[in-house]
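The sequence and model are shown first.

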Amino acid sequence: EKTYCVCGNEMKRDVDTFTHFVFTKQITLHGVPHSHCPSCGKNQYDNEDAVVRLLREAYLKQEEQVHYQ
């Protein structure tokens with residue numbers, strides 16, 4: 001199934017590493033499935049709720065690196 005970006009172009013499926021800041025703590029998530037728009041650069045997570053949960057858990061456990069499962 002094709003996914004389209006808000007800019008109107010087709011998004012491509014990928015798995016990548018993303019870095020986020022939770023307050024002042026930097027947390028890197030590895031192996032995150034997402035869609036990426038090669039035209040405008042927008043990324044959209046397949047499961048944003050799972051990403052938020054992983055970031056919250058990593059912050060509470062003082063982890064800097066997390067692997068998406």
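## Strand pairing

In this predicted model, strands E1 (residues 12–22) and E2 (residues 25–36) run antiparallel and are joined by 10 bridges. The two strands form a hairpin with two residues between them. In the turn, Phe23 has a positive phi of about 60°.

One of the facing positions involves Arg13, which stands opposite Ser35 in E2.

## Ser35

Ser35 lies in strand E2. Is Ser35 buried or exposed? Its relative accessibility is 6%. The cut-off for buried is under 20%, so Ser35 counts as buried.

Leaving aside neighbours within four places in sequence, Ser35 is in contact with Met11, Lys12 and Arg13, and also with Lys42, Asn43, Gln44 and Asp46.

## Nonpolar core

The largest nonpolar core has 13 residues. Those with the most contacts inside it are Ile27, Leu29, Val32, Val51, Leu55, Val66 and Tyr68. E1, E2 and helix H1 (48–60) each supply at least two residues of this core. H1 gives the most, with five residues. In soluble globular proteins, nonpolar side chains tend to be buried together.

Which residues does Val51 touch, not counting those up to four places away in sequence? They are His20, Leu29, Val32, Tyr45 and Tyr68. Among them, Leu29, Val32 and Tyr68 are also listed, like Val51, with the most contacts inside the core.

Note on methods. Residues are numbered from 1 along each chain as its sequence is written. This is a predicted model: local features need pLDDT of at least 70, side-chain atom pairs count only at pLDDT 80 or more; totals for chains, interfaces and linings use all residues. Side-chain values use heavy atoms; hydrogens and water are left out. Two strands pair if DSSP finds at least two bridges between them. Helices (H or I, at least four residues) and strands (E, at least two) are DSSP runs, numbered from the N terminus. Buried means under 20% relative accessible area, exposed over 50%, partly exposed in between (1.4 Å probe, protein chains only). Contact means heavy atoms within 4.5 Å. A nonpolar core is a set of buried Ala, Val, Leu, Ile, Met, Phe, Trp, Tyr and Cys residues joined through side-chain atoms within 4.5 Å.
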